[in-house]
Amino acid sequence: MRWRGRRPRPQCAHDDAWLEPWFQYLLGRGVTFSMDSSVEGITLAAAKLQSVQVLQGGAPVDVFADYFVFAVPQEVMAALVTPAIIVRAPSLAGIARLDVDWMNGIQFYLNREVP
Ligand SMILES: Cc1cc2nc3c(=O)[nH]c(=O)nc-3n(C[C@H](O)[C@H](O)[C@H](O)COP(=O)(O)OP(=O)(O)OC[C@H]3O[C@@H](n4cnc5c(N)ncnc54)[C@H](O)[C@@H]3O)c2cc1C
């Protein structure tokens, strides 16, 4: 992409520019964040997802909710999707076979303009 005129640049790190204001906004709206937590399993009851097993600070907790959103990497979700879940949600059958590739990178935050 070519920029016309001066290219816009973030004036600070992405976390400060994007994530922290969003985090503060959601806190202000009553959202609770459990940072030291990882999803370990899903419990079904009849045809529905009943609860999610979470390790919170190392302690197992069953989380109950009306809706769950799993915004986790594909390989994590693939490990959570059991055959019993696939029976009830056949569209998840192919999740372990999704073609994915690893990426990594590094970002430098410079404190002066460079050419
Ligand atoms: C160096 C770098 C620079 C980038 N720059 C840009 C950019 O400038 N613009 C852009 O658009 N994209 C950029 N990207 C890509 C962008 O970061 C990714 O596309 C995006 O973060 C993917 O979001 P996601 O929510 O799908 O996954 P992630 O951001 O990877 O989020 C997945 C989350 O799941 C959590 N998780 C994993 N396992 C569990 C578990 N068992 N229980 C609970 N939580 C779990 C992880 O801790 C993580 O927080 C960059 C990526 C890198 C590496």
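# Reading a predicted chain with a ligand

Visitor: Of the contacts in the protein chain between residues at least 6 apart in sequence, what percentage joins residues at least 24 apart?

Guide: Two residues are in contact if their C-beta atoms, placed from the backbone, lie within 7 Å. In the protein chain, 23% of the contacts between residues at least 6 apart in sequence link residues at least 24 apart. Please note that this is a predicted model, in which local features need pLDDT of at least 70 and side-chain atom pairs count only at pLDDT 80 or more, whereas totals for chains, interfaces and linings use all residues. Residues are numbered from 1 along each chain as its sequence is written.

Visitor: What is the average pLDDT of the protein chain, and which element has the lowest mean?

Guide: The pLDDT is the predictor's confidence in each residue, from 0 to 100. Helices (H or I, at least four residues) and strands (E, at least two) are DSSP runs, numbered from the N terminus. The protein chain averages 89, with 90% of its residues scoring at least 70. Among its elements, helix α1 (residues 14-28) has the lowest mean, 91, while strand β3 (residues 59-63) has the highest, 97.

Visitor: In what pattern do the helices and strands follow one another?

Guide: The protein chain contains three helices and three strands, and along the sequence they read α-β-β-β-α-α.

Visitor: How do the strands pair?

Guide: Strands pair if DSSP finds at least two bridges between them. Strand β1 (residues 37-45) pairs with β2 in the antiparallel sense over eight bridges; Ala45 has Lys48 in β2 as its bridge partner. These strands form a hairpin with two residues between them, and Ala46 in the turn has a positive phi of about 55°. Strand β2 (residues 48-56) is also antiparallel to β3, over five bridges. There, Gln53 is bridged to Asp62, and Val54 stands opposite Val61. The hairpin of β2 and β3 likewise has two residues between the strands, with Gly57 at a positive phi near 60°.

Visitor: Why does β3 lie largely in the open?

Guide: A residue is buried if 20 or more other C-beta atoms, placed from the backbone, lie within 10 Å of its own, exposed if 12 or fewer, and partly exposed in between. Strand β3 lies largely in the open because the number buried among its five residues is zero. For the protein chain of 115 residues, 0% count as buried.

Visitor: What radius of gyration does the protein chain have?

Guide: The radius is taken over C-alpha atoms, and the globule rule is 2.2 Å times the number of residues to the power 0.38. A compact globule of 115 residues would have a value near 13 Å, but the protein chain has 20 Å. Its C-alpha trace spans about 60 × 35 × 25 Å along the principal axes. Pro115, in the segment after α3 (83-88), has its C-alpha atom 49 Å from that of Tyr67, 48 residues away along the chain. Pro115 counts as exposed because it has 2 C-beta neighbours inside 10 Å.

Visitor: Which residues are around the ligand?

Guide: A residue is near a molecule if its C-beta atom, placed from the backbone, lies within 6 Å of it. The residues around the ligand are Ser38, Val39, Ala71, Val72, Pro73, Val76, Met103, Asn104, Gly105 and Gln107. The shell divides into six nonpolar, four polar and no charged residues.

Visitor: Is Met103 buried or exposed?

Guide: Met103, in the segment after α3, is exposed, with 5 other C-beta atoms within 10 Å. Between Met103 and Pro90, 13 residues apart in sequence, the C-alpha to C-alpha separation is 29 Å.

Notes. Nonpolar A, V, L, I, M, F, W, Y, C, P; charged D, E, K, R; others polar.
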